[in-house]
Each structure stands twice: as structure tokens, then as C-alpha cells.
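Trainee: I have a model open and would like to talk through it with you. Can we start wherever you like and then jump around?

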Amino acid sequence: MTTEPFVLGVDLDGVCGDYIAALRAVLADERGVAPESLGPADSWELTEWGLDRAGFDRLHRSAVLDHRIFANMPMVEGCADVLWRLSDAGVWIRIITHRLFGNWGHQVAVADTVAWLDSRGIPYRDLCFLGAKPQVEAQAYVDDGPHNVEALRASGNEVIVFDQPYNRDLPGPRAMSWLDVEHLVTELAAARGLALQRQLPGLDDPRARIGRRLDRSGPPA
Ligand SMILES: [Mg+2]
């Protein structure tokens with residue numbers, strides 16, 4: 001058995017937070033149309049929504065600075081519950097994000113990210129805001145971005161692909177949900193000699209811990 005912690009590097013956008021849903025709401029609002037009328041978003045650049053590179057950059061900037069999506073984007077189902085179970089079982093959660101995109105809005109990006117993590121009850125021990133380099137000394141990573149997955153794997157890292165339409169040509173391991181992440185991480189940890197300890201059910205609602213500590217009623221349902 002090893003005494004080293006099993007560090008799991010967890011990406012935010014497209015993994016913990018539903019970035020596409022947040023952008024969809026902003027763009028639909030700007031165009032005065034229903035969000036669903038934009039249709040599916042299958043490409044990384046969102047060309048299906050009539051955006052070119054400059055249009056995407058402008059939308060992202062407005063979404064972050066004007067619409068504050070880093071503070072209010074929907075959480076991907078199961079994220080907080082699974083991360084609490086993994087954390088309680090001994091996995092070290094290291095959040096990794098590339099949100100300092102461009103030389104603007106860093107205060108909003110960082111402050112809104114931290115507020116969002118607390119409001120959703122997501123546990124973590126480290127929070128890394130990275131530039132181009134995707135690697136932060138974790139035993140395994142969960143990411144949706146094709147360029148990040150490829151760069152991490154090229155340097156020998158174990159990466160779970162979090163399923164999104166724009167990453168389906170990448171080989172697995174692939175998680176279709178957060179429950180899949182839990183199973184895959186448990187297997188990877190066991191393969192490295194770390195037996196994860198499962199929490200007994202019904203004793204505590206872990207997602208409420210952050211809210212209790214902050215003297216609030218807890219994370220939103
Ligand atoms: Mg991502």
C-alpha cells in the first residue's frame with residue numbers, strides 16, 4: 001500500500017459546470033430567441049450557432065464579464081455528490097481551470113469561480129488557474145477539451161475523457177456521467193494500491209458541509 005494521496009485533477013468547464021448551457025442562454029438572450037432554438041452544439045468552436053473565432057471570443061468575454069456565468073452556470077448532474085464521495089474516500093481533489101483566458105477580467109473570473117464552487121458545495125483541496133500547460137502533478141485527470149486531453153496523454157498522464165459532442169473521436173477511458181467518473185477513479189486508485197474507503201450511507205449530507213461552515217442553509221438543490 002502506498003501512503004501518497006491519489007490526486008485527481010478535475011477540469012471545470014464542460015466537466016463540473018455546463019459551459020455550453022451557460023453560453024447558450026447568453027447568446028439566446030442577446031438574439032432575443034429561445035435557447036433551444038439555437039440547436040445542438042457539437043463543435044468546439046460553436047460554428048453551428050453562426051459564430052466565427054472573433055464572435056466566439058466576444059461571446060465568451062460578455063458571458064463572463066456581463067452575465068457572470070462563472071458564478072451562475074448550471075452544475076453538471078452528480079458532480080458535487082461524487083466529488084464528496086471520492087474526497088471522503090481519500091482522493092485529493094485538485095480543481096484545474098484555464099479560465100484566465102485573455103488579459104482581462106481575472107478578478108471576476110477568480111472570484112466568481114470560488115463563489116460558484118462554494119455555492120454548489122464542491123469540495124477541493126487545491127484550485128489551479130493555468131495557462132497553456134495542462135499538467136499539475138496529478139495521478140489522473142478528468143477533462144473534456146480535446147487539446148488538453150491530448151497534451152496530457154502525450155506527456156504520459158492518465159486522463160478520463162468527460163463525454164461531450166466535440167470529443168467523441170478521442171479514445172477512452174470515457175465517462176458518460178459523474179457516476180462513471182467515480183467508478184473509473186476507484187479502479188485507477190485501486191490499480192495504484194490505494195483502497196478507497198467508502199462512507200457509510202445516511203450519516204451525513206456532505207454537500208451541506210460547506211454551507212454549514214459558511215453559516216448558510218447549504219448548497220442549492
Ligand atoms: Mg473543459
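Trainee: What covers the buried residues of H7?

Mentor: This is a predicted model, and in it the cover over the buried residues of H7 includes E1, H4, E2, E4, E5 and E6.

Trainee: Which residues of H7 are the buried ones?

Mentor: They are Trp 178, Val 181, Glu 182, Val 185 and Ala 189. They cover an arc of only 100 degrees around the axis, which puts them on the same side of H7. As background, an α-helix has 3.6 residues a turn, so residues three or four places apart point the same way.

Trainee: And which residues are exposed on the other side of H7?

Mentor: On that other side the exposed residues are Glu 187, Ala 190 and Ala 191. The helix itself runs over residues 178–191, and its 14 residues reach 20 Å from the first C-alpha to the last, close to the 20 Å expected at 1.5 Å a residue. Just after H7 comes Gly 193, which takes a positive phi of about 90 degrees.

Trainee: Let me back up a bit. How many helices and strands does the protein have?

Mentor: The protein has eight helices and six strands, and along the sequence they follow the pattern β-α-α-α-α-β-α-β-β-α-β-β-α-α. Of the 221 residues, 32% are buried. If you take the contacts with a separation of 6 or more, 66% of them are between residues 24 or more positions apart.

Trainee: In what order do the strands sit in the sheet?

Mentor: The six strands form an open sheet in the order E3-E2-E1-E4-E5-E6, with parallel pairing. The edge strands are E3 and E6, each of which pairs on one side only. Helix H4 packs on the sheet, where it touches strand E1 (6–11) and E2, and its direction makes about 135 degrees with that of E2.

Trainee: How many bridges join E1 to E2, and how many join E2 to E3?

Mentor: E1 and E2 run parallel and are joined by six bridges, with Phe 6 having Val 91 in E2 as its bridge partner. E2 and E3 also run parallel, joined by four bridges, and there the bridge partner of Ile 96 is Cys 128 in E3. E5 and E6 pair in the parallel sense over two bridges, with Val 161 standing opposite Arg 174 in E6.

Trainee: Why is E2 called largely enclosed?

Mentor: Five of the seven residues of E2 are buried, so the strand is largely enclosed by the rest of the structure.

Trainee: What about Gly 90, where is it found?

Mentor: Gly 90 is in the loop between helix H4 (79–88) and strand E2 (91–97). It counts as partly exposed because it has 13 C-beta neighbours inside 10 Å. Its C-alpha is 9.8 Å from that of Ala 189, although the two residues are 99 apart along the chain. Ala 189, you will remember, is one of the buried residues of H7.

Trainee: Why does Glu 137 count as exposed?

Mentor: Glu 137 counts as exposed because it has 10 C-beta neighbours inside 10 Å, whereas Arg 68, with 16 such neighbours, counts as partly exposed.

Trainee: Last one: is the peptide bond from Gly 172 to Pro 173 cis or trans?

Mentor: That bond is cis, with omega near 10 degrees, and Pro 173 lies in the loop between strand E5 (159–162) and strand E6 (174–175).

Methods
Residues are numbered from 1 along each chain as its sequence is written. This is a predicted model: local features need pLDDT of at least 70, side-chain atom pairs count only at pLDDT 80 or more; totals for chains, interfaces and linings use all residues. A residue is buried if 20 or more other C-beta atoms lie within 10 Å of its own, exposed if 12 or fewer, and partly exposed in between; C-beta atoms are placed from the backbone. Two strands pair if DSSP finds at least two bridges between them. Two residues are in contact if their C-beta atoms, placed from the backbone, lie within 7 Å. Axes are lines fitted to C-alpha atoms, for helices over the stretch in contact, and angles run from 0 to 180 degrees between N-to-C directions. The expected span of a helix is 1.5 Å times one less than its number of residues. The arc is that of the directions from the helix axis to the C-beta atoms.
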